[in-house]
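The following note concerns the salt bridges of the structure shown below. Please read the points with the model open.

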Amino acid sequence: MSDDALVRALREELADGGLRGSFLVRDLATGDELGIDPDVEFPLASLVKVPLAIATLDRVRTGELDGAAQILVRAGDPESPGPPGLSRFRHPALVAVEDLVYLSTSISDGAAADALFALTPPAEVGRRLRGFGLRGIAVRHPISDLTDTPAERFDPAEVHLAHTLAIGARTAGRGHPVPQLDVSRASSGTARAMADLLQALWTPTAIDPDVAARVRDLLAHNVLRQRLAPDFTSDSSRWSSKTGTLLNLRHEAGVVEHDDGRVFAVVAMTESRVAAAAQPEAEALMGRVARALRDRLRL
């Protein structure tokens, strides 16, 4: 089967599984790559926490921020259905800046990310990315904006209605009445841009080596491993990544390092046409498609 035939088959498999997707796998040593629609722009959801970590740690390096400074994070709603993290604390907490970076990146703690965005606003994060020569990623808002979606307005038994709206209301130009799903208003980027960012962390670039090493370590300790990790984790490989999830969007961007020295960036950005919050089949399908692309590139 040729590369083109493989891509066609994988695109059909995604469609049969109710997914539209943008994938890119890149050999970080040779630059060879294989993908499915890698230049389609998507809202980034929590993938934006990787640029946030880079910008914050770079400011710590230059002395603009004190990594040990204690930041007061106010208590949220411990009964909320949201992800684990500071927003579910019952009491205010003092957390050091560098520990907030860990919580934001490795645990995907939205409250920790917003405490960091208060120190380094979205526009500054974007400016620093451009200073590192990284293009194609727009950072437009704090994480709290992602939690104010139609899903929060429905009872848990009716959350499928929010997904129905997310699926059916997108315009041909990838606009959307839900601002978090509109690529012109949300933080957004492409699979290719995310692969460029990962390459900048794993190979020598304008990003300071110590900053890059720290972000790589944070991605290696990502606790959310239900999506691509099952297809890329083994005794002879190391998987480091960040996930992003919002309504019908499911993303993951990571790097697999093999014991034979081969290193691949792997980015999967998808939107589902199935009106359901829990879709383990979609998670597994994303992993199979990304693995098939990596296997072909590794030949």
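This is a predicted model: local features need pLDDT of at least 70, side-chain atom pairs count only at pLDDT 80 or more; totals for chains, interfaces and linings use all residues.

Is Arg-128 buried or exposed? Arg-128 is buried, with a relative accessible area of 10%.

1. Arg-128 forms a salt bridge with Glu-64, and their closest N and O atoms are 2.7 Å apart. Arg-128 belongs to helix H5 (residues 122–131), whereas Glu-64 sits in the loop between helix H2 (49–62) and strand E4 (70–73), so the pair ties together parts that are 64 residues apart in sequence. Glu-64 is partly exposed, at a relative accessible area of 42%.

2. Both residues also belong to a network of salt bridges, which links Asp-58, Arg-59, Arg-61, Glu-64, Glu-124, Arg-127 and Arg-128. The structure holds 23 salt bridges.

3. A further salt bridge joins the side chains of Arg-262 and Asp-27, at 3.0 Å from N to O. Because Arg-262 lies in the loop between strand E9 (249–258) and strand E10 (263–272) and Asp-27 in strand E1 (residues 19–27), this pair ties together parts that are 235 residues apart in sequence. Asp-27 counts as buried at 4% relative accessibility, while Arg-262 counts as partly exposed at 25%.

4. The side chains of Arg-238 and Glu-257 meet in a salt bridge at 3.9 Å, N to O. Arg-238 is in strand E8 (residues 237–246) and Glu-257 in strand E9, so the pair ties together parts that are 19 residues apart in sequence. Arg-238 is partly exposed, with a relative accessible area of 42%, and Glu-257 counts as partly exposed at 24% relative accessibility.

How values were computed: Residues are numbered from 1 along each chain as its sequence is written. Side-chain values use heavy atoms; hydrogens and water are left out. A salt bridge is a side-chain nitrogen of Lys or Arg within 4 Å of a carboxyl oxygen of Asp or Glu. Helices (H or I, at least four residues) and strands (E, at least two) are DSSP runs, numbered from the N terminus. Buried means under 20% relative accessible area, exposed over 50%, partly exposed in between (1.4 Å probe, protein chains only).
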